[in-house]
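Here is a short briefing on salt bridges and strand pairing in one protein model. Look over the sequence and fold before reading on.

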Amino acid sequence: MSLRLHNTLTRSLEEFVPLRAGKVGMYVCGMTIYDLCHMGHLRMMMAFDVIVRWLRASGYDVTYVRNITDIDDKIIKRAVERNITIRALTDEMIAAMHADLGAVGVLRPTHEPRATEYVSQMVGLIDKLRDKGLAYQAGNGDVNFAVRKLPGYGKLSGKSIDELRAGERVAVLEDKQDPLDFVMWKSAKPSEPDDAKYPSHYGAGRPGWHIECSAMAATLLGEPFDIHGGGMDLIFPHHENEIAQSEGASGGTFARYWLHNGFLNVDNEKMSKSLGNFFTIRDVLKTFDGESLRFFMLRTHYRSPFNFSDAHLEEARSALRRLYTALDGVAAPSNVPLDWSQPQAAAFRAAMDEDFNTPLALATLFELANELNRTRSADTAALLRQLGGVLGVLQQAPRAYLQGGLDATAIDAAIAARNAAKAAKNYAEADRIRKDLAAQGVELKDGPQGTTWVKA
């Protein structure tokens, strides 16, 4: 079976056929980098990390571009508040983003362009639109896109211009010809710091959000390219406006497949600082390890709403531990090619080929774990680790993961003392040691081969 994916543009599952055999170009809208990344950001990053991993596992040479917006109203405001330069702020937040995403196993993209490094390309794209009569400079110095002059605007969101106008909540600026017109070049304000202003023949200013992605995608991937992705909240206006700019300038197709991940909720409510249910990735990593957090997110299909809660995260951690427990003590061979004809591997592949169905793919891992618990087969262990590796899990040494970074030497000494107490029939002391270890988060397992332990 070939790979099928859900194309937002056509609202249907389609067979994926890349422009060039064996190669994929994919652009995903990344972070506006003024603060730490939160769980909603991780939801998007994880969705496309899995997609890239599966494309590569399927034999494609993937060029993955995920941009960074490093100039924006919120960035300027935060830098001024902290009395530091915009570059100092964005460098700090990019480093924090890389650390947090790395802890959850999110791979770096092939290219991670910063918007401020592509200003000349953005201005060039605006020039093309101006020359075609699709852009105009307003009295306040901003350069706007003339939405009504482009036939077909609204095809991604599936709404006509009149429907979009009916939903317009923003007051019309006197300098706009139409309330749906959007800014591509923002004229500099006297109150803004110097490092927020870039020179251009439209006057000093900075690019608008939408033009950034159009210019960076075209520069790094060419037009058209295969896949454009992002969160569902970006369908309108961001992605709609990208299409308008890019196709208005080129006269051709911008991107062929549009993929969008579902929203993240917290305890069935939208994550919000005002509701007190707002979590950064770093907040969650204080309590849960990165692999458990990754496994948790894999349990929901990327297009479905994702419900975040501590209880669900605990369940995911326990489920991951069951897989590692099955692997514990079985020496799996390494560097063995993955046999896709094996029944569980074939089922895994079928699940991933059907719009990246990670919950169904995970079910095959538990089938393998059950088989491994029965047979203790090295080949089964190898396959379990290989398929887990495709999704970015089960790559740690099982015992090390299960012990969770606790002091193994001290715990082993306590277990030895407990064994000595039991041998001397001092059961009160043995029970005390067990309780002390449990208080430290250590779970003991007594068996025929002696006592083993894991992090509870």
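A salt bridge here is a side-chain nitrogen of Lys or Arg within 4 Å of a carboxyl oxygen of Asp or Glu. The structure holds 27 of them. This is a predicted model: local features need pLDDT of at least 70, side-chain atom pairs count only at pLDDT 80 or more, and totals for chains, interfaces and linings use all residues. Residues are numbered from 1 along each chain as its sequence is written, and side-chain values use heavy atoms, with hydrogens and water left out.

- Asp 73 and Lys 186 join through their side chains in a salt bridge, at 3.7 Å from N to O.
- This pair links distant parts of the chain, 113 residues apart: Asp 73 sits in helix α2 (residues 73–82) and Lys 186 in strand β7 (residues 182–187).
- Helices (H or I, at least four residues) and strands (E, at least two) are DSSP runs, numbered from the N terminus.
- Asp 73 is partly exposed, at 42% relative accessible area.
- Lys 186 is also partly exposed, at 25%.
- The classes are buried (under 20% relative accessible area), exposed (over 50%) and partly exposed (in between), using a 1.4 Å probe and protein chains only.

- Glu 81 bridges to Lys 77, with the closest N and O atoms 2.5 Å apart.
- Both residues lie in helix α2, 4 residues apart, about one turn of the helix.
- Lys 77 counts as exposed, at 52% relative accessibility.
- Glu 81 also forms a salt bridge with Arg 78, where the closest N and O atoms are 3.5 Å apart.
- Arg 78 and Glu 81 are 3 residues apart in helix α2, again about one turn.
- Arg 78 is partly exposed, at 23% relative accessibility.
- Shared partners join Asp 35, Lys 77, Arg 78 and Glu 81 into one salt-bridge network.

**Strand β9 and its neighbours**

- In strand β9 (residues 225–231), 7 of the 7 residues are buried, so the strand is largely enclosed by the rest of the structure.
- Strand β3 (residues 23–32) pairs with β9 in the parallel sense over 3 bridges; two strands pair if DSSP finds at least two bridges between them.
- Met 26 has Ile 227 in β9 as its bridge partner.
- β9 also pairs with strand β10 (residues 255–261), in the parallel sense over 6 bridges.
- Gly 229 has Leu 259 in β10 as its bridge partner.
- β9, helix α7 (residues 235–250) and β10 form a right-handed β-α-β unit.
- Right-handed means that, with the strands pointing away from the viewer, the path from the first strand over the helix to the second runs clockwise.
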